[in-house]
Amino acid sequence: MTYITKPRLHHPSLTKNKVGYTRRDYEGKVSTLCAGCGHDSVSAAIIQACWELDIEPHRVAKLSGIGCSSKTPDYFLGASHGFNTVHGRMPSVLTGANLANRDLLYLGVSGDGDSASIGLGQFAHAMRRNVNMVYIVENNGVYGLTKGQFSATADKGSKSKKGVVNQDSPVDLVGLAMQLGASFVARSFSGDKEQLVPLIKAAIGHGGAAFLDVISPCVTFNNHAGSTRSYDWVRQHNEAVSRIDFICGRAEITASYAPGEVVDVEQHDGSVLRLRKLHADYDPTDRVAAMASMQAHAARGELITGLLYLEAEAGDLHAAQHTSRRPLNSLGRAELCPGAAVLERINAGFR
């Protein structure tokens with residue numbers, strides 16, 4: 001329970017990263033989610049990714065909306081900044097925070113109900129504006145807090161726990177993110193830590209809107225025969241188009257691979273995204289081809305995972321708006337109110 005405080009004392013033999021933190025330092029409160037919930041696996045992957053990247057917890061701002069998924073920021077990075085918004089409004093609050101303080105690393109956690117229903121418009125504008133953030137949707141196809149109704153991402157023809165068949169076409173957040181201009185789009189499975197952790201690390205290292213759709217089964221309401229978001233169904237239909245390793249540009253690369261097995265994509269911040277191609281004809285830098293491949297696999301009943309699209313040289317909202325290099329929350333009165341003469345020169349520029 002969240003009222004149970006984890007002990008602050010750590011075993012002295014725990015391994016520390018380069019900034020002096022153990023993995024325990026990236027944990028949060030005790031989870032109140034159902035035992036076996038995929039969301040807890042996503043939280044564990046975020047903890048692992050941040051620890052391996054040597055990120056200082058106080059440099060992270062985590063934001064969420066409403067739903068089971070939006071409770072999870074309480075369970076990781078307990079020493080970071082946090083804001084729990086109203087239903088579906090996480091992207092706009094995050095955008096405002098990002099514009100005010102560009103020095104923080106922004107992590108938005110949402111769910112299929114929070115982002116694909118009431119927050120769909122908010123999701124769309126965060127993607128098209130290329131806000132520098134990691135946007136994680138923990139996608140289980142149901143409304144877990146309100147007893148398992150179909151969400152907007154539930155596949156047509158899938159069955160509820162009570163046997164009701166969904167007649168509505170699903171909202172494909174991955175396809176929407178690609179259409180709207182997100183510069184990093186990936187999908188993973190909460191039960192595949194080897195794929196999920198490097199994808200989160202790569203998303204954190206990307207400068208721009210990085211969207212990660214994580215199929216995260218609801219063990220209480222959507223883990224039965226007939227569900228297309230159950231553990232068994234995802235494992236049987238998972239078609240990985242790529243496996244990646246994320247290597248920080250400061251670290252020495254000592255791995256050796258046969259020709260044609262690995263593609264290195266250098267990010268604009270100097271970090272390196274190492275893509276292990278499982279399908280020789282899959283090109284993650286071609287947006288149109290990636291969307292076509294995703295639709296083709298979906299028509300065959302396959303759920304493709306991995307890095308689906310990457311625009312390595314993407315700019316973000318700050319570059320588009322030419323904002324101050326200094327965070328707005330650090331500017332003083334002299335910079336924010338430079339006087340009537342400066343205002344007159346600005347107005348004259350529009351005449």
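Is Arg 229 buried or exposed? Keep that in mind for a moment. A reminder before we go on: this is a predicted model.

Now the answer. Arg 229 counts as buried, at 7% relative accessibility. Its side chain forms a salt bridge with Asp 155, and the closest N and O atoms are 3.2 Å apart. This pair links distant parts of the chain, 74 residues apart. Arg 229 sits in the loop between strand E8 and helix H8, and Asp 155 in the loop between strand E6 and H6. Asp 155 itself is partly exposed, at 21%.

Next pair. Lys 201 and Glu 52 meet in a salt bridge at 2.8 Å, N to O. Lys 201 is in helix H7 and Glu 52 in helix H1, so the pair ties together parts 149 residues apart in sequence. Lys 201 is buried at 11%. Glu 52 is partly exposed at 33%.

The whole structure has 10 salt bridges. One of them joins Arg 23 to Glu 27, at 3.7 Å between the closest N and O atoms. Those two and Arg 24 are linked in a network. Arg 23 is partly exposed at 26%, while Glu 27 is buried at 18%.

Last, helix packing. H5, residues 120-128, packs on H6, residues 173-180. The angle is about 40 degrees, and the axes lie 8 Å apart. That angle makes H5 oblique to H6. The crossing is right-handed. On the H5 side, the contact includes Phe 123, Met 127 and Arg 128; on the H6 side, Leu 176 and Leu 180 are among the residues. By class, the contact has eight nonpolar residues, no polar ones and one charged.

Notes: Residues are numbered from 1 along each chain as its sequence is written. This is a predicted model: local features need pLDDT of at least 70, side-chain atom pairs count only at pLDDT 80 or more; totals for chains, interfaces and linings use all residues. Side-chain values use heavy atoms; hydrogens and water are left out. Axes are lines fitted to C-alpha atoms, for helices over the stretch in contact, and angles run from 0 to 180 degrees between N-to-C directions. Helices (H or I, at least four residues) and strands (E, at least two) are DSSP runs, numbered from the N terminus. Angles under 35 degrees count as roughly parallel, over 145 as roughly antiparallel, 65 to 115 as roughly perpendicular and the rest as oblique. A crossing is left-handed if the near helix is turned anticlockwise from the far one by less than a right angle, and right-handed if clockwise. Contact means heavy atoms within 4.5 Å. Ala, Val, Leu, Ile, Met, Phe, Trp, Tyr, Cys and Pro count as nonpolar, Asp, Glu, Lys and Arg as charged, and the others, Gly among them, as polar. A salt bridge is a side-chain nitrogen of Lys or Arg within 4 Å of a carboxyl oxygen of Asp or Glu. Buried means under 20% relative accessible area, exposed over 50%, partly exposed in between (1.4 Å probe, protein chains only).
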